[in-house]
Amino acid sequence: MNIRYLKKERLFKIDTAHVSYVMAVVDEEQFLEHVYFGRRLQDSDLRYLLRHLETPFLPSTNKGDRGKVLACMKHELPGELCGDHRDGAVTIRSAGGHTALQPYYVSHRIYQGKDKLEGLPATFGHADGTETLEITMEDPVLKARFLLSWSVFSDSDAIMRSLKVINDSKEPVRLEKALSISLDMDLADADQKPFRLLTLDGAWARERHMNYRDIGYGFQGICSNRGESSHHEHPFLGLVSPSATQHRGEVYGFHLAYSGNFRGQVERDVFDTVRVTLGINPDRFSFVLRPGESFQAPEGIMVYSCEGLGGMTRTLHDLYRNHLIRGVWKDRKRPILINNWEATYFNFDSDKLLDIARAAKEAGIEMFVMDDGWFGKRDTDTSGLGDWFVNEKKIKGGLKKLVDEINALGMKFGIWIEPEMISPDSDLYRAHPDWAIRIPGRDPVQIRNQYVLDLSRKEVLDTVYERIANVLKSANIEYVKWDMNRTLTDFGGAFLGAENQDELCHRYVLGLYEMQRRLVDDFPNLLLENCSSGGARFDPGMLYYSPQIWCSDNTDAIERLMIQEGTALLYPLSTMGAHVSVTPNHIVGRNTAFETRGNVALAGTFGYELDITKLGEKELAAIPQQIALYHKYNDLIRRGDYYRIASYRENHLYDCWAVVSKDKSEAVVTYVQVLKIPDDRSRTLRIPGLDPGRDYAVIVDRTSDIAPEDDPSVILPVGPRARIHGDALMYAGLPMPNFWGDFRSAIIYLSEI
Ligand code: DGJ
């Protein structure tokens, strides 16, 4: 890690172990030009890459063709309406109503450490292993100042970028766009082939599916205008060389640490330069900045990998594990939980919950989580949100009694909450109808029979937080599942003036972050899991507050392969909420082996989402075996390096991934045969990431329920216990079990001998 300013060349060079990022101050006018982002370069004098050395391309000396020059320059912070017709990174509407903007370099500082971003989640690190370059730019006409920062950590190849806009003028202005990332780069990779765009798209119950598309001329991209990062699009853009694989080739990844409306866009111009931008969605966003006021945009994360998608993935996993997730649970093994949602939905009382808890304890489960339905009048999803008082008709004798009884069994207790919401049929709504986000005179849209509370309003936030905190203080509650079950619509804030209405969505997100900050500060030992109708708010912003996030309401093992593949592309396995549920699966009706449901959930936080009192004998007997696998592998899965070996999304037949310990002494490989094809031959898959110079014992770990008499595929073709050299496993491969039937799976353990 090293950040330098080369005075003579007027170049900034940011180096990590394998990556360089270079910018230059050019021309007497002080433009900040982007020079390079990619594989680490030794050479520092990279001014030869600047077109401005050729006289016709100096904007100041070529005034007659200034527009042409600016239109093809690679800008670090592109302005608007001053010659560059591409979409700029910042829009400011002056008091006179104009939006032209051209930022120029003013000064810079390079310092150890990294400043916090006011009210926003962001990566962090020890001062001695962290360096930041802050460049101040300004538009002298608007008297607007821009603080652009790039930070790096000594143990990471990721580069973090942030932007702060300050109004130094004497008049109020309206900030209409402030994008966190803006990068002008060439479309072509080393083979002169255009990068392809990779996005994670989905819907409820099929979140974060990987999708590729060609980058055409003009604009393409993704966005959310739903008030949260959403099921539908993800605040991530990948630019992937067409020849890149999991293990080789060039990949750029751009990720936003933000949980609200965002836009990620790629704009290709006729010169085959692409402008990649990512930040708060400018659509229905604006912020009034009075003289002296500033706006902090969320943090953007940029990764370059020449080791394929896997290189990007491992950089992000380590970055998030070491520099984003906080709190006592950050590195800790999580208790195996059982959640009653799919077991009972709203139909439960404390007797039923205790029955489940007792049977769960018997099987080795460590924590009981009471889901939706324990408060107010809440027997369906039509009422009760906001009334955070225990319903003693259901929880007989009160919450403390139930929690004490569960603790007495030797189990921890966790609870579900949905603090951001209000049901029209609730005492809270009857008392404060104006606390819901709404536009006066317009009947607000209900989704799941509920409205969203206006968290931009302090009294709303304070009241709801206090109610929730009182519940948490009333008993020994060690885990919270914070849910959010609808998108934002009817963007209207009762306390905001007409000219501030477009501030609502961002202020809402700031309110959400403030509430979660209070929660983790006031209850530092709490294990917090975020959730949003499944995985609609799985983003780096939420990860700053909770070390794990519920991945999807879809617990079908086969659907989960695609959801978890897309999620694990960016997020460590320790963050992915994954549970075993019953079959036929509640959402897709599929029947899969209990073993496969377990093996897929073991790639995440692991737990159960079922009525254990109704399980058959074989499945019940398999639970302690699955739990033993969790205890055996979870340290490795939480801390190791993740390698994607095969993708069912691509091949439509099988899926495979591995986690290898950092010291390469052990690995766990999960293989899922989704569809059987008539073939007597086993599939041989190469296992990456091992040490080619060491020997490994190969052991198949299976649970008993799935070895029916008619299943001949009990062991690996190489035998139940083999000793194989690392180079053979890596370069020749390991034959996988050849199952008779669909949706079968095995876990294979490799341990150095
Ligand atoms: C949506 C969540 O994703 C589910 O797990 C469950 O908690 C329900 N909400 C409860 O309403």
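At what angle do helix α7 and helix α8 pack, and how far apart are their axes? In this predicted model, helix α7, spanning residues 458-473, packs against helix α8, spanning residues 504-522, at an angle of about 30°. The axes of α7 and α8 lie 11 Å apart. Angles under 35 degrees count as roughly parallel, and α7 and α8 are therefore roughly parallel to each other. In handedness, the crossing in which α7 passes α8 is right-handed.

Two further helix pairs can be described in the same terms. Helix α4 (residues 350-363) packs with helix α5 (residues 399-408) at an angle of about 15°, and 10 Å separates their axes. That angle makes α4 roughly parallel to α5. Where α4 and α5 cross, the crossing is right-handed. Helix α10 (residues 557-568) and helix α11 (residues 594-601) meet at an angle of about 20°, with a spacing of 9 Å between their axes. Here too the angle makes α10 roughly parallel to α11. The crossing of α10 past α11, however, is left-handed.

Which side chains place a polar atom 2.6 Å from an atom of the ligand? One is aspartate 372, with a polar side-chain atom 2.6 Å from a ligand oxygen. Another is aspartate 483, where an N or O atom of the side chain sits 2.6 Å from a nitrogen atom of the ligand. Asparagine 485 also takes part, with a polar side-chain atom 3.3 Å from a ligand nitrogen. How much of the ligand does the protein bury? The ligand taken alone exposes 290 Å², and the protein buries 98% of that area.

Two points in the backbone also deserve a look. Most peptide bonds are trans, and most residues other than glycine have a negative phi. Against that background, the peptide bond running from threonine 583 to proline 584 is cis, with an omega near -10°. Proline 584 is placed in the loop that joins β29 (576-577) to α11, and α11 is the helix that packs with α10. Is the phi of lysine 143 positive or negative? For lysine 143, a residue other than glycine, phi is positive, near 55°. Lysine 143 is found in the loop between β7 (130-139) and β8 (144-153).

Notes. Residues numbered from 1 in each chain as written. Predicted model: local features only at pLDDT ≥ 70, side-chain atom pairs only at ≥ 80, totals over all residues. Heavy atoms only, no water. Polar contact = N/O pair within 3.5 Å; in protein donor to acceptor, adjacent residues only side chain to side chain. Areas by Shrake-Rupley, 256 points an atom, 1.4 Å probe, with all protein chains shown as cover. Axes fitted to C-alpha atoms, helices over the stretch in contact; angles between N-to-C directions. Helix = DSSP H or I, 4+ residues; strand = E, 2+ residues; numbered from the N terminus. Parallel < 35°, antiparallel > 145°, perpendicular 65-115°, else oblique. Left-handed = near helix turned anticlockwise from the far one by under 90°.
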